[in-house]
There are 4 protein chains.
Amino acid sequence: MRKPLTKPRKEAAQERSRATVDALIAATARILVREGFDKASTNRIAAVAGVSVGSLYQYFPSKEALVAAVIERHQQDTLRIVRAELAQAANQPIERGVRTLVAMAVKAHRIDPKLHRVLAEQIPRVGKLEKVETFSRENYALFKAYLESHRQEIRAVDLELAAFVCVTSIEALTHTAVLHQEIASGEETEALIDEVTRLVVRYLTG
Amino acid sequence: MRKPLTKPRKEAAQERSRATVDALIAATARILVREGFDKASTNRIAAVAGVSVGSLYQYFPSKEALVAAVIERHQQDTLRIVRAELAQAANQPIERGVRTLVAMAVKAHRIDPKLHRVLAEQIPRVGKLEKVETFSRENYALFKAYLESHRQEIRAVDLELAAFVCVTSIEALTHTAVLHQEIASGEETEALIDEVTRLVVRYLTG
Amino acid sequence: MRKPLTKPRKEAAQERSRATVDALIAATARILVREGFDKASTNRIAAVAGVSVGSLYQYFPSKEALVAAVIERHQQDTLRIVRAELAQAANQPIERGVRTLVAMAVKAHRIDPKLHRVLAEQIPRVGKLEKVETFSRENYALFKAYLESHRQEIRAVDLELAAFVCVTSIEALTHTAVLHQEIASGEETEALIDEVTRLVVRYLTG
Amino acid sequence: MRKPLTKPRKEAAQERSRATVDALIAATARILVREGFDKASTNRIAAVAGVSVGSLYQYFPSKEALVAAVIERHQQDTLRIVRAELAQAANQPIERGVRTLVAMAVKAHRIDPKLHRVLAEQIPRVGKLEKVETFSRENYALFKAYLESHRQEIRAVDLELAAFVCVTSIEALTHTAVLHQEIASGEETEALIDEVTRLVVRYLTG
DNA sequence: AATGAATGAGACTTCATTCAT
DNA sequence: CATGAATGAAGTCTCATTCAT
């Protein structure tokens, strides 16, 4: 790619583009959350983002691409939390480590629960959006790695299978609890974390 | 806005009617499984069922009603299994009983896994189709009742919370395992049942 | 039930839009006249207007709105004539004034007799399109005002009732005469105006 | 599209047939009045009449034929009144005779005002239902005959034109008054008859 | 690049009419 | 004759996407 003739101008242009893209993703997320997938027409998204449909198609080749970007962004937000907490857990003993991971899962689900829900419930039908799939595999791999490095603390077990059991349970429990507002108060949250931690730890040990 | 009707329009009395209704529900399920919700247009469904759109609307007031009928039918199929096995579990000690229930969950998920998946992933957006919701609540209540009648075998615990943890875990694990074909062989199935049973039993006891 | 929208969706700002809107209204009127209300499907209207159905719905939220626009336009055309002639009549003595008004009614009915007929005969069923109703009430009020300001020239009478009798008669006579081509020539027209004027004047006076 | 047949398929000779035909016509009229033309589907009519659609088509070759039958019946009812009163008027002097005719018109319009309205407002679009047209021509001819036999009582005048003016006025005034409930009480009715009579008599005489 | 008017395939649904039983 | 299930053309309207300005 060639160098710009007037640097400031290009940057300004790039900045504006960036802003438009952001506005479009934000508008999509907002409509998805407030009105559901069916109301998220491209014209409506563009209107809410304050740009024209034409501009939308300037930056996203299709509606799917837009939804994919929303998913992507949500996953990036989630990853930021995961990375921060994962390092801690790595060096903690099993009991403490699992608790950290469960707490992290709750935290991650709380980033934008309504968006998470829409993404979980309404989006798969968009076809080959396998980002979600990929993302969960990554989770699974990370957890398996954690188990491997703590193998001496757990009973003899098929790590593959154990990781599947733990990750699926943690994900389902935190997901359901957060989405169905089962854990409104901090107290309830603590209780849930206690239970899930117990579930997983007792499963892995003894 | 017109209120969405989800009840069948008329009870098919004659034999020919009954056949038409069955063909429509079957066609809907088939398209749902093979091509997804978005491809399930009323014209397509009618064509696959081998009848005219007009006949479709003679028996179902809307596309939603058709999907509701598919859900209903799937749940009836599931219930048939659940009822049969539940009686057994009731009188079994915790370890044995939980295993029975887990095995039952696997069996239930295997009735028509692909349909189950579509129903689970793509249908919520159909709005007020709360059948699924209701169904899962029922599961939860049944399990809680089981725990109550075996309270002396388990540790002191908030039964409400425990039921939530167990049901959610069993459901998620069997669902995911079946859908993602993690348990193709009978051996793998047994291994999964062992693990899930252990997960739940150790959580509830000790 | 969805409430019927009869207002234009957006004000056509750009020139191209304006042309599209005009073409749509014109096409609707044309089809209404040549083929009747039942043939005026949205697809047909769009085709005749030389635009796509999509464009039709960009500017009119429903078929009704389109018909409403046709009515509106026709009434505006009519009003232009009415306003011009009414001022004259106001200061003319009863005999001369009534003649002016009758002549005006004939003229108004001749703007687009066939359209007028379709609008009069086929449109009421379009439900709450009360524009016609409103319009005729206005006529009636205007005539009553005319009578009031000429009260000394007419016999003692219930003005309300008299206005009803006169307006209804004039409207029906000019309408029928024009539509059924009873007054093709100028001579016949003059004869009709004479008769109607006589009818009304003798009714009001003496 | 097939050509619309508007005559009954057969002379319903048998009593049961007669009853079915009557029920169908009555059901059509009822739905027309209560719900409007658009709701009057053949299936609905058959249902309300308590027979099957198949039977409907046994007796009426099309929906149009059914509506035509309703019109026919209404006109027969009207004619019964007209014939009864017309004889009287024939031998009455102009003032008295016109009053009789006007009163008759009011009476005729009151047979079933709502049905009359629907027939007047919603039916013309059914295309070639010229019964109404024919009917009004007959009215016009009858009145012209009346004028001819009383020619010595009225001013020198084009009878053709005079009949047109009188019939159109009487029809429009009684029609509008009855339909728009301007003459609820007997007193109001008398007042209207007075006015219309005056209108016509003074027009014809002097 | 931005704009927004225009496009048109296709979705859902109704209803007059036919025909097998 | 009666029944009512079946038909399918046709109508209204939406929305992802394109393209002239």
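Angles between helix axes run from 0 to 180 degrees between N-to-C directions, each axis being a line fitted to C-alpha atoms over the stretch in contact. In the present model, which is predicted, helix H8 (residues 159-179) of chain D packs with helix H9 (residues 186-204) of chain D at an angle of about 170°, and the two axes are 11 Å apart. Because angles over 145 degrees count as roughly antiparallel, H8(D) is described as roughly antiparallel to H9(D). On the side of H8(D), the contact is made by Leu161(D), Ala162(D), Val165(D), Cys166(D), Ser169(D), Ile170(D), Leu173(D) and Ala177(D). H9(D) contributes Leu192(D), Val196(D), Leu199(D), Val200(D), Tyr203(D) and Leu204(D). By class, the residues of this contact comprise 13 nonpolar, one polar and no charged.

The interface of chain B and chain A was examined next. The size of an interface is often given as the accessible area lost when the parts come together. For chain B and chain A, the buried area is about 2,700 Å², with 62% of it on carbon and sulfur atoms. In this interface, 27 residues of chain B are in contact with 27 residues of chain A. Nine residue pairs in polar contact are found across the interface, both residues of each pair being at pLDDT 80 or more. On the side of chain B that touches chain A, at least two residues are supplied by each of helix H6 (113-122), helix H8 (159-179) and helix H9 (186-204) of chain B. The largest share, nine residues, comes from H8(B). The side of chain B that touches chain A has 12 nonpolar, seven polar and eight charged residues.

Two salt bridges are found across the interface of chain B and chain A. Arg155(B) forms a salt bridge with Glu195(A), with 3.3 Å between the closest N and O atoms. A salt bridge also links the side chains of Arg155(A) and Glu195(B), at 3.4 Å from N to O. Arg155(A) lies in the loop between helix H7 (131-149) and helix H8 (159-179) of chain A, while Glu195(B) is in helix H9 of chain B, so the pair joins two chains. Over all chains, the count of salt bridges comes to 28.

Leu161(B) is located in helix H8 of chain B. Leaving aside residues up to four places away in sequence, Leu161(B) touches Ala191(A), Glu195(A) and Tyr203(B). Lys144(B) is 17 residues from Leu161(B) along the chain, and the C-alpha atoms of these two residues are separated by 9.4 Å.

Technical notes
Residues numbered from 1 in each chain as written. Chains lettered and ligands numbered in written order. Predicted model: local features only at pLDDT ≥ 70, side-chain atom pairs only at ≥ 80, totals over all residues. Heavy atoms only, no water. Contact = heavy atoms within 4.5 Å. Buried area = accessible area lost by both parts, 1.4 Å probe. Salt bridge = Lys/Arg side-chain N within 4 Å of Asp/Glu carboxyl O. Polar contact = N/O pair within 3.5 Å; in protein donor to acceptor, adjacent residues only side chain to side chain. Helix = DSSP H or I, 4+ residues; strand = E, 2+ residues; numbered from the N terminus. Nonpolar A, V, L, I, M, F, W, Y, C, P; charged D, E, K, R; others polar. Parallel < 35°, antiparallel > 145°, perpendicular 65-115°, else oblique.
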